[in-house]
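Subject: Two-chain model, handover and findings

Hello,

Here is the structure I promised to pass on. My notes follow below it.

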Amino acid sequence: MAAEEAASGAAHHGGGLAIDPMHQFRVETIFPIHFGNIDASFTNASLWMLIAAGLVTLLTIVGMGSRSLVPGRLQSVAELSYEFVSNMLRDNVGDAGKRFFPFVFTLFMFVLFCNMLGMMPYSFTVTSHIIVTFALASFIFIAVTILGFAVHGLHFFHFFVPKGVPVALLPLLVVIEVISYLTRPISLSVRLFANMMAGHTMLKVFAGFVIAMGWFGGFLPLAFMVAFTGLEILVAFLQAYVFAILTCIYLNDALHMH
Amino acid sequence: MPQLAFETFIPQLIWLAISFIALYLVMSRIALPRIGSVIEGRAARIASDLDEAAASKRRTDEAVAAYEKALAEARAKAHGIAQQTRDLLTAETDRQRHEIEAKLAEKIAAAEASIRKTKEAALANVRNVAIDVAGAIVTQLLGEDADKAATERAVDTALKQV
């Protein structure tokens, strides 16, 4: 996020130097909704999730509206996304992964749009919240584990026993394999959340420097911010890609066991 | 750290579920089949166009082959006709040449015979003239009549040396 919001954050806290770089991550209720004891309030996080989902829908439905043989710009982007995810899935999982294509596509586009929308000033980065990324990652983890047992039955436990290893080392390796398997949702979710949070915090800190260093000194951190914004856009894409490709790899493990 | 504000977890999870499931349903039911059909339609169109082009090329090749075959046939036929005509003409020419040659040979033979006759007559005349001339010369030189028989012998001997 950019300088304007930093300024507003500063104003919020009433001091030129007292900028809270974490203010951008605050979840604010827009209108409260309660079902009994359950709080389902519509917040800025909800708003940006819906915007991301809406934009993906807009791109893939309105963009494909003409269904031209020779695609226009929006249709090209929609088809490119489709083929990008389709190739990713085919390369990593093979033809067996075809039935998971809608899920992987939705996942990739949702995370990508949440990440990219977070780059807009005044927006909210949905994927900078550990609860959101952890929910996605644990859903993937649980679904993939169930899939593994559904496809291979109890044979799926062989997944934790590496082949061609001395028997003496097996107990240790099996423990390591199980731990590495169980930490998948944590590594998957923390990678995305930490990247998003760290980058946006960094931008906000440097935005604070721009104001603190005044009219002349401020240009240096401003130049850094411009460059860093470019890097953050790359990271936003890359993390969505990594999230989707790891999902593909987990799917492949469940379907083919290495 | 707002990420650890636990009271915001439930609403975030609920709205994440709502938006993600809604997006998943829209994608899997409407958007992706549509994009897939457009891409497949395009691939099919390209494949059918390529097939059509290949078929057209095959037809062209066939037409070219047929044309070349017809051309070769026509050429062979023309060649045959020309050869036949040439043979016919050659035969006719030969026949006429032979006729003319035969006639000419006859004429040559007749002419040669007449030449030979004339030549013999002339030669005979030459002997008589030579004898008369020789007799006259001898008469003039000697002042007496020459011996007829001796003159004839001398002329014959001289004629043999010619």
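Buried here means under 20% relative accessible area, exposed means over 50%, and partly exposed lies in between (1.4 Å probe, protein chains only).

Before going on, some ground rules. This is a predicted model, in which local features need pLDDT of at least 70, side-chain atom pairs count only at pLDDT 80 or more, and totals for chains, interfaces and linings use all residues. Residues are numbered from 1 along each chain as its sequence is written, chains are lettered from A and ligands numbered from 1 in the order in which they are written, and side-chain values use heavy atoms, with hydrogens and water left out.

Back to B:Gln3. This residue sits in the segment before α1 (9–142) of chain B. Helices (H or I, at least four residues) and strands (E, at least two) are DSSP runs, numbered from the N terminus. Leaving aside neighbours within four places in sequence, B:Gln3 is in contact with B:Phe9 and with several residues of chain A, including A:Met22, A:Phe25, A:His129 and A:Phe193. Contact means heavy atoms within 4.5 Å. A polar atom of the B:Gln3 side chain lies 2.8 Å from the backbone oxygen of A:Ser128. B:Ile131 is 128 residues from B:Gln3 in sequence and 168 Å from it in space, C-alpha to C-alpha.

Now the interface as a whole. Chain A puts 45 residues in contact with 30 residues of chain B. The area buried between them is about 3500 Å², and carbon and sulfur atoms give 78% of that. Buried area is the accessible area (1.4 Å probe) that two parts lose on being put together, summed over both.

There is 1 salt bridge between the chains. A:Glu79 forms it with B:Arg42, with the closest N and O atoms 2.7 Å apart. The cut-off is a side-chain nitrogen of Lys or Arg within 4 Å of a carboxyl oxygen of Asp or Glu.

On the side of chain A that touches chain B, the elements giving two or more residues include β3 (38–39), α3 (73–93) and α7 (184–212). The largest share, 9 residues, comes from α2(A).

A:Arg184 is in helix α7 of chain A. A:Arg184 is buried, with a relative accessible area of 12%. Beyond its neighbours within four places in sequence, A:Arg184 is in contact with A:Phe141, A:Phe159, A:Tyr250 and A:Asp253.

Best wishes

Methods:
A polar contact is a pair of N or O atoms within 3.5 Å; within protein, one must be able to donate a hydrogen and the other to accept it, and residues adjacent in sequence count only if both atoms are side-chain atoms.
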